[in-house]
2 protein chains.
Amino acid sequence: MKNELLVVIGANAAGMSAASKLRRLDTKKKILVFEKGKHPSFSACGIPYLIGGEVKSAKNLIARTPEEFLLNQNIEVKIQHEVLEIDVSKKRILILSLLDKTEFWQKYDDLLIATGTSPISPKLPGIEAKGVFAFSSLESGKSADRYIQKHQPKTAVIIGGGYIGIEMAEALLHLGMKVSLIDMAPQVMATLDPDMSEIIAAYMKKEGVDLFLGQKLESLEMDDSRTVSVVVTDKKRIKADLVILGIGVKPNSKIAEAAGIQIGAGGAIQVNKKLETSAEHIWAAGDCAESYHLVSGKEIFISLGTVANKHGQIAGINISGGKAEFPGVVGTAITKFKDLEISRTGLSEKEANQEGMDYDVALIESSVFSSYLPDSEKITVKLLSEKASGRLLGGQIVGGKGAGKRIDVIAIALQAKMTARDLVFADLAYVPPLSGVWDPVQIAARQLVK
Amino acid sequence: MKNELLVVIGANAAGMSAASKLRRLDTKKKILVFEKGKHPSFSACGIPYLIGGEVKSAKNLIARTPEEFLLNQNIEVKIQHEVLEIDVSKKRILILSLLDKTEFWQKYDDLLIATGTSPISPKLPGIEAKGVFAFSSLESGKSADRYIQKHQPKTAVIIGGGYIGIEMAEALLHLGMKVSLIDMAPQVMATLDPDMSEIIAAYMKKEGVDLFLGQKLESLEMDDSRTVSVVVTDKKRIKADLVILGIGVKPNSKIAEAAGIQIGAGGAIQVNKKLETSAEHIWAAGDCAESYHLVSGKEIFISLGTVANKHGQIAGINISGGKAEFPGVVGTAITKFKDLEISRTGLSEKEANQEGMDYDVALIESSVFSSYLPDSEKITVKLLSEKASGRLLGGQIVGGKGAGKRIDVIAIALQAKMTARDLVFADLAYVPPLSGVWDPVQIAARQLVK
């Protein structure tokens, strides 16, 4: 009767994927999940679309309720239970019930830490004002949604021009607000190179977003009701009825660190390919755990639902006694702003330089599908390959409808360690209304080979 | 002064790609191209969209005119010149000028055969009737277009439910015709398996196409003006003011065969990976030449613009004295019928059975992007993998907007000889309005791994 109980901390992508996978492989083991928030298993990536009104109800973002997990999979999910401490030597965790404020210890045989991330919230004057939101949970998304519906803000300032910033800009424009976006960096979407970001910035401006780049947030001013009124940067004062923080996220690894568990890249919990931490019978998965980058060959902190789900699968298999290894990531991500699709994978120039790599680069403009057909939109593709070997290092895509998911071709090519030449001769699909006879990705690869 | 002159037979994708590539690598060699038709370098795949009216003028389908080739690239293209004979021993070809009906011999140092394909036209009563069209050239597309505009046919019958048949069905429906489609096979799109084809057939019926499957064309009846009036199958008589033949194509390899050049798979000209034929200094590229299939490991006849362009590149490099090998194809193809996108790559079940392979198969239904957003359409993905090794063998996709090009991910995975498991853990891009957190292709791969 060994390892009878798996305790999971965190009931989102990684935690619930692992629990579900384990349950499919092992019908007997007891699975107990503690979740600080009010909802397990919600789509965090759906929050901007909830606020923008495309998703009609927050309920639609919830994959399963605790009742469903219990009934269908015999997985017990305790919401509003915060884990305060891990006691590695006694194999137990200290839990605070947010419902009745009681604390209790819970034993485990295996423990999976799937605590995710928290939004970075700078310690600045006025950051606690009403009307300032960051998204850490479905609750925070719902609060912002309720606040907007009640107070009908007219002017919004978004802090941070990354994925959340861009998606929230679309959502708030859609609600009719005047939207400003500030970023400390001189570009939006800093995971892409400046030449690609310029296309995005130009489009955002055209669609009515006021961009204030290379500006540092200094404080937020409030009115008498302690509601945010002005965003102050080192260069500018911007009126704001609503402020969205999209500065970035940090892994929730504090309780692991406090328990003496090894911390790795970017403050994420160190794991091996099986997703074991440095402590026996303790696993970590999802945003709070590091991932191996297949192109750079280094561990990184990456916060993505796709990776979290895969981590969960691997952890679930291994906790059941199986053997699985997570092969790693290539750093693929995608977003869209209105009709502009934006994606990236592998290393950017910036990252390749940081790695001290000698690379070739190609940047091409083409059309998403045959340009002799109506509505074919522009697509820009950037590709990097290693100078000596020709091995692909990364790609970036910005373009109209149908452009963004072309990144997957590059992602698979990176995973397979293909060269630019391999990609030129890849057998990609062509029909005039869906692609050119040379897919834009291949046009970029041809440019590289030259 | 050796190999000073390259003569090319056929001025389309393969021929002109080779000529252009050679010119970039060698500014001195003389390049002379003979083309039977009136236009070099046109997009054959664009013809259905010309007829449907989405492409406003046939001119838009022409990439470059002979004058432009001469002026910009110093490539001489002689249109309306048919090559009648290849004299291998004397390194010369016999040419008939269709302009003045004269014949003459032309010497070559290197000869590239890029004669493409011809539509299969069954020898049946009435096949010569007015109002019956098959597409072998831009001219034939233009004739059909002119005929339709002049005679305003009300009822059309399409013979053959393959790529051209499906695309022409969309075009003719768009023009307001009553469209019937007959096929000898019991399914449309025979390059996909019946379970996938059923989805297509159901959608086509819903959109108003009358399907007559498992019916053999026996004859065409004409009226007094020798215009087609009725299509007669072994089971049915169908009224028709217009008939489109989309039965298939055969490689134009007769003059090569007559010259003693080795013929290979499906009647296409046998070539090695350098695209050399069995005769010295004679190359073949494009639809008329065979290709190596990376999954089955066999040579095949495949007729696709994408492959023709790549063949042309390889031939151009090798004729210039460089060294390049065409790695092969995986059999990727795509089409769409109205809002339904249809794609396939690798081996179908039918083909895997023909190869005597032991395979697993998964077929899943999902949504193109997150189903909690409006307008997310259904996608069905079928995947095959080898039982023993788990290596992917092929994939088929049918679904709404954004579904079709997902096939490229599978195509690259086939090229890289990936397993279903590799695909499960691939780092594909996710944002709710463009994909699910597990891409549908990965959901199918997960199903396979189970």
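The model is predicted. Chain A contains 12 helices and 25 strands, and 64 of its residues are in contact with 66 residues of chain B. Over all chains, a search of the whole structure finds 44 salt bridges.

**Overall form of chain A**

- The radius of gyration of chain A is 23 Å, which agrees with the value near 22 Å that a compact globule of 450 residues would have.
- Taken along the principal axes, the C-alpha atoms of chain A fill a box of roughly 65 × 60 × 40 Å.
- Of the 450 residues of chain A, 59% count as buried.
- Among contacts in chain A between residues at least 6 apart in sequence, 62% join residues at least 24 apart.

**Interface between chain A and chain B**

- About 5,300 Å² is buried between chain A and chain B, and carbon and sulfur atoms give 67% of this area.
- Tyr372(A), Phe425(A) and Asp427(A) supply 15% of the area that chain A buries against chain B, more than any other three residues.
- Polar contacts between chain A and chain B comprise 20 residue pairs, with both residues at pLDDT 80 or more.
- Several elements of chain A each supply at least two residues of the side that touches chain B, namely helix H8 (305-319), strand E21 (333-337), helix H10 (407-415), helix H11 (420-424) and helix H12 (440-449).
- H8(A) provides the largest share of that side, with 8 residues.
- By residue class, the side of chain A that touches chain B divides into 36 nonpolar, 14 polar and 14 charged residues.
- There are 2 salt bridges between chain A and chain B.
- Asp439(A) and Lys405(B) meet through their side chains in a salt bridge (2.6 Å, N to O).

- Asn309(B) lies in helix H8 (residues 305-319) of chain B, and it counts as buried at 10% relative accessibility.
- Not counting residues up to four places away in sequence, Asn309(B) touches Val437(A) and Trp438(A) as well as Ala13(B) and Ser17(B).
- H10(A) is largely enclosed by the rest of the structure, because 9 of its 9 residues are buried.
- The buried residues of H10(A) include Ile407(A), Asp408(A) and Gln415(A).
- Lys417(A), which follows H10(A), has a positive phi, near 55°.

**Salt bridges within the chains**

- The side chains of Glu170(A) and Lys336(A) form a salt bridge (3.3 Å, N to O).
- Glu170(A) lies in helix H5 (residues 163-174) of chain A and Lys336(A) in strand E21 of chain A, so this pair ties together parts that are 166 residues apart in sequence.
- Glu170(A) is buried, with a relative accessible area of 12%, and Lys336(A) is also buried, at 14%.
- In the salt bridge of Lys206(A) with Glu207(A), the closest N and O atoms are 3.7 Å apart; Lys206(A) is exposed, with a relative accessible area of 63%, while Glu207(A) is partly exposed, at 24%.
- Glu351(B) and Arg344(B) pair through their side chains in a salt bridge (2.8 Å, N to O); Glu351(B) is partly exposed at 28% relative accessibility, whereas Arg344(B) is buried, with a relative accessible area of 6%.
- A network of salt bridges links Asp193(A), Asp195(A), Glu349(A) and Lys382(A).

Methods:
Residues numbered from 1 in each chain as written. Chains lettered and ligands numbered in written order. Predicted model: local features only at pLDDT ≥ 70, side-chain atom pairs only at ≥ 80, totals over all residues. Heavy atoms only, no water. Contact = heavy atoms within 4.5 Å. Buried area = accessible area lost by both parts, 1.4 Å probe. Salt bridge = Lys/Arg side-chain N within 4 Å of Asp/Glu carboxyl O. Polar contact = N/O pair within 3.5 Å; in protein donor to acceptor, adjacent residues only side chain to side chain. Helix = DSSP H or I, 4+ residues; strand = E, 2+ residues; numbered from the N terminus. Nonpolar A, V, L, I, M, F, W, Y, C, P; charged D, E, K, R; others polar. Rg over C-alpha atoms; globule rule 2.2 N^0.38 Å. Buried < 20%, exposed > 50% of the residue type's maximum accessible area, 1.4 Å probe, protein only.
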